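Me: I would like to go through this model by asking what each label rests on. Please set every value against its definition before drawing a conclusion.

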Amino acid sequence: VLFRSGKRGKKKKKKKGTFNKKTTTTTTTMSLSGIVSLIGIVLLIHALVTATQYHSISDSDVLHPIIVGETFLGFILSVFGYLHKVNKFEPILRKKQLASKTYDSAFHNNQFAVFNHRGAAIHSED
């Protein structure tokens, strides 16, 4: 039981038979994209095994066109499944956020700040 400003808060009850269309669609899309990317990865692994077997049996350096096609299809399915799993793409350059900042504050990264460098040895009082 939650207490807010001296009053007892009530928990909201969900009505039976209601569902959120947005959540259901997202869940369905994510599971479908996961299946597609899993199929793509399985195809890539199968193409790898087939290519190694084909290379050990055959003396030629060129792979069979079916193996190449399977590799290409597996790659396309894997990329397609992963890209549909991502919710929303953001622009690389955010013009609205960067417009109010100076160049130094926008592109400053603390990981590149070095304090133990040779300049300290030159200016030391030893």
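Reply: To begin with helix α2, Pro65 and Phe72 are exposed on its other side, the one facing away from the buried residues Ile67, Glu70, Gly74, Ser78 and Gly81. This is a predicted model, in which local features need pLDDT of at least 70 and side-chain atom pairs count only at pLDDT 80 or more, whereas totals for chains, interfaces and linings use all residues. Residues are numbered from 1 along each chain as its sequence is written, and side-chain values use heavy atoms, with hydrogens and water left out.

Me: What makes the buried residues of α2 line one face of the helix?
Reply: Seen down the axis of α2, they fall within an arc of 70 degrees, so they line one face; the arc is that of the directions from the helix axis to the C-beta atoms. As background, an α-helix has 3.6 residues a turn, so residues three or four places apart point the same way.

Me: How do you know that the span of α2 is close to the expected one?
Reply: Helix α2 covers residues 65-85, and its 21 residues reach 30 Å from the first C-alpha to the last. The expected span is 1.5 Å times one less than the number of residues, which for α2 gives 30 Å, and the computed reach is close to that.

Me: Why is Ser78 called buried?
Reply: Buried means under 20% relative accessible area, exposed means over 50%, and partly exposed lies in between (1.4 Å probe, protein chains only). Ser78, in helix α2, has a relative accessible area of 15% and is therefore buried.

Me: Which residues is Ser78 in contact with, leaving aside its neighbours within four places in sequence?
Reply: Taking contact as heavy atoms within 4.5 Å, Ser78 is in contact with Ser37, Gly40, Ile41 and Leu44. Ser37 belongs to helix α1, residues 21-57, and counts as buried because its relative accessibility is 9%. Not counting residues up to four places away, Ser37 touches Leu77, Ser78, Gly81, Tyr82 and Lys85.

Me: Why does Val79 count as partly exposed?
Reply: Val79 has a relative accessible area of 34%, so partly exposed is the label that applies. The C-alpha atoms of Val79 and Ser37 are separated by 7.0 Å, although the two residues are 42 apart along the chain.

Me: What makes the nonpolar surface patch?
Reply: The patch, of about 750 Å², is made by Phe72, Phe75, Ile76, Val79, Tyr82, Leu83 and Phe89. Patches are made of residues with over 30% relative accessible area and no salt bridge, where like charges are joined within 9 Å and nonpolar side chains (Val, Leu, Ile, Met, Phe, Trp, Tyr) within 5 Å. A salt bridge is a side-chain nitrogen of Lys or Arg within 4 Å of a carboxyl oxygen of Asp or Glu. Phe75, one of the patch residues, counts as partly exposed because its relative accessibility is 48%.

Me: Why does Tyr54 count as partly exposed?
Reply: Tyr54, found in helix α1, has a relative accessibility of 26% and therefore counts as partly exposed. Among the residues it touches, beyond four places in sequence, is Ile67, which is 13 residues from Tyr54 in sequence and 9.2 Å away, C-alpha to C-alpha.

How values were computed: Helix = DSSP H or I, 4+ residues; strand = E, 2+ residues; numbered from the N terminus. Areas by Shrake-Rupley, 256 points an atom, 1.4 Å probe, with all protein chains shown as cover.
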